Amino acid sequence: MNISLHGIKAVLFDAGDTLLTIPGARAILQRYLSERELHREQEPIGVLFDEAFRKFYYEKPASGTELCSPESDRTFWAGIYTFVLNGLGVQEQHEEETIHKWSHELYELFTSPEQYELFEDVIETMERLTSSGYRLGIVSNFAPTLKHILRHKGILHYFDPVIVSTEVGLEKPNPAIFRLALEQAGLQPEETLYVGDHDKNDIWAPNQIGIRAVKIKRYAHMTGDGIVSLRELG
């Protein structure tokens, strides 16, 4: 399906699983554990990652008034890594203090630029939209390293504004983070399209302030209406 951009002046994007991803998350954790003499197969690691994301991220209760800080973001993701480590039986060999330390080390690892890759349609789409006169921006729940990651991948210059939850103190699905993006960009809701992968954060939340939103389904398990490639924009 093609998404018409008629009447749109700006396209705002989510970051994780919309523009970029960590394709080797299972292998990264497997290697991390192996370096600590804990040998686990990638399949159970993947199963636990999927369960943790479903339980703590996709099914996370939402009030629409969420706030955020670098500390709360770190705590949330360290909790996911703790869940995975415990599911792999690490607590049977190591004390809680060690698991806490490793969970925070994993947070650092999984928010570093080296782990990320752009989806293959990103640069060509940003070039096409920019050359067609559209303003581009980002509204993302992410660690404070996001701008560094985008710069490392060579795409930061495409986006203004770049609204990062841990920098502005607001977190999707709080519609206030989208209001802030419009204020910073000097845009009206009806002039703006938002693209993201999460039903509540990226569709429901911008809709609350009149921003049209489109879901992007980067993975086969994702359901509902939406696009599967950024090439479908315009």
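Begin by selecting Asp-199 and Lys-215, which form a salt bridge whose closest N and O atoms are 3.0 Å apart; the term is used here for a side-chain nitrogen of Lys or Arg within 4 Å of a carboxyl oxygen of Asp or Glu. This pair links distant parts of the chain, with Asp-199 in helix α9 and Lys-215 in strand β7 (residues 212-215), 16 residues apart. Helices (H or I, at least four residues) and strands (E, at least two) are DSSP runs, numbered from the N terminus. Asp-199 is partly exposed, at a relative accessible area of 49%, whereas Lys-215 is buried at 8%; buried means under 20% relative accessible area, exposed over 50%, and partly exposed in between, with a 1.4 Å probe and protein chains only.

The model is predicted, so that local features need pLDDT of at least 70 and side-chain atom pairs count only at pLDDT 80 or more, while totals for chains, interfaces and linings use all residues. Residues are numbered from 1 along each chain as its sequence is written, and side-chain values use heavy atoms, with hydrogens and water left out.

Stay in helix α9 and select Asn-207, a partly exposed residue with a relative accessible area of 38%. Leaving aside residues up to four places away in sequence, Asn-207 touches Arg-212 and Ala-213, contact meaning heavy atoms within 4.5 Å. A polar atom of the Asn-207 side chain also lies 2.9 Å from the backbone oxygen of Ile-211.

Select Asp-14 and Lys-172, whose side chains meet at 3.0 Å, N to O. Here too the pair links distant parts of the chain, since Asp-14 is in the loop between β1 (10-13) and β2 and Lys-172 is in the loop between α7 (165-168) and α8 (176-185), 158 residues apart. Asp-14 is buried at 5% relative accessible area, and Lys-172 is buried at 3%. For another setting, select Arg-54 and Glu-59, which meet in a salt bridge at 3.5 Å, N to O; Arg-54 is partly exposed at 40%, as is Glu-59 at 48%.

Now select helix α1 (residues 25-34), where the buried residues are Ala-25, Ile-28, Leu-29, Gln-30, Tyr-32 and Leu-33. These buried residues pack against α2 (42-58), α3 (70-87) and α4 (96-110). Beyond residues up to four places away in sequence, the contacts of Gln-115 include Ile-28 and Leu-109.

Which residues are the closest to the centre of the largest pocket? The pocket has a volume of about 1300 Å³, and of its 50 lining residues the closest to the centre are Asp-17, Phe-53, Tyr-57, Tyr-58 and Trp-77. On a 1 Å grid over the protein atoms alone, a pocket is an open set of points where a 1.4 Å probe fits, with protein on both sides within 12 Å along at least five of seven lines, and lining residues have an atom within 4 Å of a point. Color the lining by element to finish: α2 gives the most, with seven residues.

Notes
Points joined across faces, edges and corners; volume = space filled by probe spheres on them. Polar contact = N/O pair within 3.5 Å; in protein donor to acceptor, adjacent residues only side chain to side chain.
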